[in-house]
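Dear colleague,

I am writing to hand over a structure to you, together with an account of what was found in it. Please look through the sequence and the model before reading on.

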Amino acid sequence: MSTPTDIDRADSPHGGVPVTGLAPATVPTRARRNPVLRVVAESADLALRNLLHLRRTPGLVISCLVEPVVYAMLIGYVFGNSLGGTAYRAYMVAGLIAQAVAFTTTFTTVGLSRDLDQGMVDRFRTLPISRAALLLGRTTSDLTTCLASVAVTTGCGLLMGWRPHTGPVDVAAGVLLVLLFSFAMSWIGVFVALVTPNAQVAGSLGIIWLFPATFISSGFVSGSSLPGPLSTLAAWNPITSLANALRHLFGNTPPPGFPVQHAWPAHHPALYTVSCSVLVIAAFISLSTWRYRTRTGR
C-alpha cells in the first residue's frame, strides 16, 4: 500500500490531511457545497446565535413585551373612550399590530450596531461565511421578536374585546402579511445600523423616524381627518395599508360614523402592502449590502 506524499497532502482541500483519515462529520455536506444552501445554513446558524444572545440582553426582551401593553392601555383607554369606546378598541387592534411590527425594527438596529461596536462582525469576517449570511441571520432572527410582540398585542386586544370574525385561512394570511412586512422593516433597521457610527446613535435614530411613520397613518385615527398633505401621506403610508389589510382579513369594521379614506391603497390594502414590502426588501438589501461592504472593508 502506498502512503500519501507531501505533494498529495498539499493538494488536499482539507489542509494537508488525507481524505481517508477524515471523520464522517468533517466531510463537506451538500448544503456546504451548494452556494444557495450554504447561505441558508449559515444564516440559520447566525439566527440561532442571535436568539441565544437574547438571554444576555433581557432589557430588550422586556421592552418587546411591555411596550405593546403600554400602547394598548394608553390608546385604548385614554383616547379610546372619546373615539368610539369598545367599537374603537376592537378597530384599533390592527393599528396596534402594525405599530408593533414597525417598532421591532429597533431590535434589528440595536442588535446589529452592538455587534459592529463589539467587534463581533470583524470576527465573523475572519470566518469562511458569506457576507449576506450575517445580515440574513439578523433579519431572520428578529422575526421571532416580532412574533412575540404581536402575540402580546393580540392578547391585549382579546382582553379589550377584540375578536377576529373570519376563518382560519384569512387569519393565517394576516399572520403571513405581518411576517413579510416585518422582514421588510428589519432591512431598514439593518441599513440604519450600518450608516450610524455607534450603538447609541443607532438606538436614537432607529426610533426617531418610527414615531411619525406610525402616527401619520390610519393606524389609530382616520387619515382623512389629518390636515393638508398629511392626509395624502397617511393614505399612501404602508403602515396604513397593513392596518387596513389586517382589518379586512380579520373582519373588523370601523365604528359608526368613523370616516374612511378612498385612495387606491385603501381599496387594495393587501396588494399595496405586499408590493411595498417587496420593494423595500429589494432596495434595502442592495443598500445594506453595499454599505456593509464599504464599512467593513476599511
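In what follows, two residues are in contact when they have heavy atoms within 4.5 Å of each other. Please note also that this is a predicted model.

Neighbours within four places in sequence being left aside, Leu96 touches Tyr71, Ala72, Ile75, Thr153, Met160 and Phe220. Leu96 also belongs to the largest nonpolar core, which has 56 residues, and together with Ile97 it has the most contacts inside that core. At least two residues of this core come from each of α4 (58–83), α5 (86–103), α6 (105–117), α7 (120–125), α8 (131–159), α9 (168–195), α13 (238–250) and α15 (269–296). The most is given by α9, with 13 residues. As general background, nonpolar side chains tend to be buried together in soluble globular proteins.

**Salt bridges**

A search of the whole structure gives 4 salt bridges. In general terms, side chains of opposite charge can pair when their charged atoms come close.

One of these salt bridges is formed by Glu42 and Arg38, whose closest N and O atoms are 2.8 Å apart. Both residues are in helix α3, and because they are 4 residues apart there, about one helical turn separates them. Is Glu42 buried or exposed? Glu42 is buried, its relative accessible area being 6%. Arg38, by contrast, is partly exposed, at 30% relative accessibility.

Another salt bridge joins the side chains of Arg49 and Asp115, at 2.9 Å from N to O. Arg49 is in helix α3 and Asp115 is in helix α6, so this pair ties together parts that are 66 residues apart in sequence. Asp115 has a relative accessibility of 3%; it counts as buried because that value is under 20%.

Asp115 also forms a salt bridge with Arg138, and here the closest N and O atoms are 3.1 Å apart. This pair, too, links distant parts of the chain, with Arg138 in helix α8 and Asp115 in helix α6, 23 residues apart. Both Arg138 and Asp115 are buried.

**Cavities**

The structure holds 4 cavities of 30 Å³ or more. The largest cavity has a volume of about 160 Å³. Its lining consists of 15 residues, and those closest to its centre are His53, Leu54, Leu60, Gly111 and Arg138. By residue class, the lining of the largest cavity divides into 4 nonpolar, 6 polar and 5 charged residues.

The second largest cavity contains about 110 Å³ of space. Of the 14 residues that line it, Glu67, Pro68, Ala100, Phe103 and Ser149 lie nearest its centre. At least two residues of this lining are supplied by each of α4, α5, α6 and α8. Which element gives the most to the lining of the second largest cavity? That element is α4, with 5 residues. The lining of the second largest cavity comprises 7 nonpolar, 6 polar and 1 charged residues.

**The largest pocket**

About 400 Å³ of space lies in the largest pocket. It is lined by 20 residues, and Tyr91, Asn244, Val260, Gln261 and Ala266 are the closest to its centre. The elements that give two or more residues to this lining are α13 and α14 (264–267). The most is given by α13, with 3 residues. In the lining of the largest pocket, 8 residues are nonpolar, 11 are polar and 1 is charged.

**A pair of positions**

A last point concerns Leu147, which is in helix α8. Leu147 has a relative accessible area of 40% and is partly exposed. How far apart in space are Leu147 and Val178? From C-alpha to C-alpha they are 8.8 Å apart, while in sequence they are 31 residues apart.

With kind regards

Technical notes
Residues numbered from 1 in each chain as written. Predicted model: local features only at pLDDT ≥ 70, side-chain atom pairs only at ≥ 80, totals over all residues. Heavy atoms only, no water. Core = buried A, V, L, I, M, F, W, Y, C linked by side-chain atoms within 4.5 Å. Buried < 20%, exposed > 50% of the residue type's maximum accessible area, 1.4 Å probe, protein only. 1 Å grid on protein atoms, 1.4 Å probe; cavity = no way out; pocket = protein on both sides within 12 Å on 5 of 7 lines; lining within 4 Å. Points joined across faces, edges and corners; volume = space filled by probe spheres on them. Nonpolar A, V, L, I, M, F, W, Y, C, P; charged D, E, K, R; others polar.
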